[in-house]
Amino acid sequence: MPPERDPDDVEAGDLAGLPRPRETARLVGHAQAEAAFATAHAAGRLHHAWLIAGPQGIGKATLAYRVARRLLADPEGFSEPVPGDPVARKIAALSHPNLVALRRHRAPGTKTLPTRIPVDAVRRALDLFGSTAGNEGWRICIVDSAEDLNANSANALLKMLEEPPPRALFLILAHAPGRLLPTIRSRCRMLSLRPLAEAEVAEVVTGFPPPFARPDAEALARAAALAEGSVARAVAMLDPVRSGIVAETETLLARRAHPDWTRVLALAERLAGRDAEALFEAASETVQRFVSAELHARRHEPPARLAALVEVCDKFARAAREAAIYNLDRRPVVLALFADLAGATSAGTART
């Protein structure tokens, strides 16, 4: 069962009622990635910095904390500690003296999560590497995730990566490693994790402990199919409101040549609500999946035939970003999308 948390204990990526990666012993779908650490450790060639890359919600943090548990509980053998092991409990509580985690978390008494990991937090965390490790063991820093570093904090981390002390290990998680400083990437061993298969997503979800309510088979299958390999996305898709928005968006996209403007307007109104950011994101992802599938299905057609659809998708993505950045009304974005799709479909039909 996930531990009870103080209301002020909030971190980026938290899922209500579910354990955090550092509280999770089980890893699904990434045996080869974990074996890469075990092989390097056995050969005495465990690189000091690893860039663990892959889409959000596929298990990167779970893998990183498993590696930390193994090294801190069994520095020589690298074996997984038994349930209830004191080292595992300390890592779950982030109270182990040889482990530090750089992540966005809400400070007590504040209302919102910070948008970045500040440089002061990085400097405080890196103080760990300026002291002697307890029992001469490993000292480990987990960065979750690198995209949350600002320019100053990234440079502060880089300085430590350039001259790491003995038995120091940096596990840097990245959803989009290409956005990182090239100098950080060059000092890391890259380990790319693949998105989970649908069956693996379902396996993780069904293994969540109470109070998580196990979904029915049909809902779970649909969520796993829409998750694109991400457990976090699958859990979001189990929300009936979110899944209803996805289903309605899919229906309207299927009828794009002759839009039902009453239903399109109703969808736009729902997505324009004050607290509808997550729903708008779900609808946007549905649009992206639709365009991707349409382009794949028509991949043998001349590129000029597909240009209008690509332009519509790009225009929608830009408008969605601007609406988020400047807090603009999302209704015109949705209405313009379906108007542009209808026009692109008619133009494609005329050229056929």
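**View 1. Strands β3 and β4 run side by side in this predicted model.** Here β3 (residues 139-144) and β4 (residues 168-174) pair in the parallel sense over 5 bridges; pairing requires at least two DSSP bridges between strands. Look for Arg-139, whose bridge partner in β4 is Ala-168. Strands are DSSP E runs of at least two residues and helices are H or I runs of at least four, numbered from the N terminus.

**View 2. The open sheet has 5 strands.** Follow the order β2-β3-β4-β1-β5, with parallel pairing. At the edges sit β2 (99-103) and β5 (189-192), each pairing on one side only. From one strand to the next, the twist averages 15°.

**View 3. Helix α2 lies across the sheet strands β1 to β5.** This helix (residues 60-73) runs at about 170° to β4; axes are lines fitted to C-alpha atoms, for helices over the stretch in contact, with angles from 0 to 180 degrees between N-to-C directions.

**View 4. Helices α7 and α8 cross.** The axes of α7 (residues 198-206) and α8 (residues 217-226) come within 9 Å and cross at roughly 125°. That makes α7 oblique to α8, a term for angles that are not under 35 degrees (roughly parallel), over 145 (roughly antiparallel) or 65 to 115 (roughly perpendicular). Glu-198, Val-201, Ala-202, Val-205 and Thr-206 in α7 meet Leu-220, Ala-224 and Ala-225 in α8, contact meaning heavy atoms within 4.5 Å.

**Notes for all views.** Residues are numbered from 1 along each chain as its sequence is written.

Note on methods. This is a predicted model: local features need pLDDT of at least 70, side-chain atom pairs count only at pLDDT 80 or more; totals for chains, interfaces and linings use all residues. Side-chain values use heavy atoms; hydrogens and water are left out.
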